[in-house]
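Please open the model in your viewer and keep the selection panel at hand. The stops below say what to select next and what is there.

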Amino acid sequence: MGSKPNVCLDSLYTVAADLRVLKVGSVIYVPAARGINLPDGTLHSGFFVVRDRGSAIKNNGDLARFDFFIGTDSWRNTSNPFVKLRFSDKGAKFSYYVVRGATAELIRLQRNFPRL
């Protein structure tokens, strides 16, 4: 597949995806994540940027799969906001929307994509 893009991971705002479906730089919106309290006291926007490919992530038909990057926190930490949303469960199902156009560009700019 060639060399891996030179992209920094952004804790709590990065997802890995099947790059046959979503490319690096794609933006998704996950309504369940909007407004959750993050460890730094801010609220999550619900937007994530695909910054990596998950080597084990393979989409199954219409069911998209993501790997949420949580930085140095652990999926075993029950105070982790993504654990509370059950994003760590392999069978978790949640709504998401692919964001395009000016809104996606704004999110990439806000998240300083591809750097941090």
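**A tour by selection**

Begin with Arg86, which is placed in the loop between helix 1 and strand 5, where helices (H or I, at least four residues) and strands (E, at least two) are DSSP runs numbered from the N terminus. Arg86 has a positive phi of about 70° although it is not a glycine, and it is exposed, with a relative accessible area of 53%; here buried means under 20% relative accessible area, exposed over 50%, and partly exposed in between, with a 1.4 Å probe and protein chains only. Most residues other than glycine have a negative phi, and most peptide bonds are trans.

Two notes on the model apply throughout. The model is predicted, so that local features need pLDDT of at least 70 and side-chain atom pairs count only at pLDDT 80 or more, while totals for chains, interfaces and linings use all residues. Residues are numbered from 1 along each chain as its sequence is written, and side-chain values use heavy atoms, with hydrogens and water left out.

Select Leu12 next, in the segment before strand 1: its phi is near 75°, a positive value in a residue other than glycine, but Leu12 is buried, with a relative accessible area of 11%.

Now select residues 47–53, which form strand 3; six of its seven residues are buried, so strand 3 is largely enclosed by the rest of the structure. Strand 1 (residues 14–17) runs parallel to strand 3 and is joined to it by four bridges, with Arg53 as the bridge partner of Ala17. Strand 2 (residues 27–29) runs antiparallel to strand 3, with three bridges between them, and Ile28 stands opposite Phe48; strands pair if DSSP finds at least two bridges between them.

Turn to the aromatic rings, of which a search of the whole structure finds ten pairs; rings of Phe, Tyr and Trp (its six-membered ring) pair if their centres lie within 6.5 Å, and planes under 30 degrees apart count as stacked, over 60 as edge-to-face and the rest as tilted. Select Phe68 and Phe87, a stacked pair with 4.5 Å centre to centre and 20° between the planes. Phe68 lies in strand 4 (residues 66–69) and Phe87 in the loop between helix 1 (81–84) and strand 5 (97–99), so the pair ties together parts that are 19 residues apart in sequence. Both Phe68 and Phe87 are buried.

Finally, select Phe113 and Pro114, which are joined by a cis peptide bond with omega of about 5°; Pro114 is found in the segment after helix 2 (101–110).
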